[in-house]
Amino acid sequence: MRWLGHDDNPSRALFGEGETMRPLIFLCGLFVATAAAGQAAPGFSFHAGSETLWYDPANGTGLATVSLQIQEVVTNPGYPNALTGWSMALAHDGAFLTVDSFELGAHINALNGGTGPDFVGIMGLSNGFTIGVVYSFLLTSSCIYDVPREVVALTYRTNPLELLGDLDGEQVQLQWQAGLGSPPVANVVVLAGVGGVPGLVNGFVHLLPLTAGEVFIRGDSNNSGGISAIADGIWTLNYLFAGGTLACFDAADTNDDGSLNLIDAIDIFNWGFAAGPNPPPPFTACGIDPTADGFDCANSACP
């Protein structure tokens, strides 16, 4: 077990070379918020996202990030209720995927004066991922989920030997599964010490080979090889309104609607600064545009 101080960042790579487990604990300050006392937990749901992961069949490597969200239904008694913690157990086929890294949702990192939750425990398994979070040991911090809110962004990497030379692709189910880990972890939400089992919505990762077409990263308007909300958004605005240039029009088409306009810049700002949704694939990693449009890439930072 590794103990981290106040200055450690809870958004980090999960595993190093040869590591299989790294539980994490964060001791933080307090953020004044009132939790709903004595409420039962039904009416919440866990949602696992579905993403496309583009891999290179020449070496079998690829990455994709999946959003894990919590939402409360409006018919729940006492809505909106405030959660004080939760635990998740999400299984995948370990033959094709490994959990590479995680990032807590922005609203969770902002708790306790920006130091994050009082406890985060994480374990990576050969066939899944478990996490437990307590916002405040004293139950003075809580969060409401009246809309879907991302609590974890989970990045998967491929197991290269399974996909080396595979030109057909695969689909890997992401399935909420109680009992993963030792001791087993349950899928639970907690309201001021009262726990319950949420509804569970599974997801999947669609593995597709990079075999044809131009390769780029959605949102990488300045062609830097990565995503920076402010830099890429400003680059798009500069192109639209100040005579700037674009090396890859596909990348600047943030919402993949086949046109370039102010919405594309706003969408990348919304993703970066307001917990907005991820742009359509290929995002966070190089890939091919899954939709047909008139855009192309004269030059791309992707290999």
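Me: Helices here are DSSP runs of H or I, at least four residues long, and strands are E runs of at least two, numbered from the N terminus. Thr 236 lies in helix H4. How do you know whether Thr 236 is buried or exposed?

Reply: First, the ground rules. This is a predicted model, where local features need pLDDT of at least 70, side-chain atom pairs count only at pLDDT 80 or more, and totals for chains, interfaces and linings use all residues. Residues are numbered from 1 along each chain as its sequence is written, and side-chain values use heavy atoms, with hydrogens and water left out. Now, buried means under 20% relative accessible area, exposed over 50%, and partly exposed in between (1.4 Å probe, protein chains only). Thr 236 comes in at 3%, so buried it is.

Me: Why is the pairing of Asp 289 and Arg 218 called a salt bridge?

Reply: The term needs a side-chain nitrogen of Lys or Arg within 4 Å of a carboxyl oxygen of Asp or Glu. Here the N to O distance is 3.2 Å, so the pair qualifies. Asp 289 lies in the segment after strand E20 (287–288) and Arg 218 in the loop between E19 and H4, so the bridge ties together parts 71 residues apart in sequence.

Me: How do you know whether Arg 218 is buried or exposed?

Reply: Its relative accessible area is 0%, so Arg 218 is buried. Asp 289, at 14%, is buried too.

Me: What makes Arg 218, Asp 256 and Asp 289 one network?

Reply: Their salt bridges share partners: Asp 256 also bridges to Arg 218, with the closest N and O atoms 3.4 Å apart.
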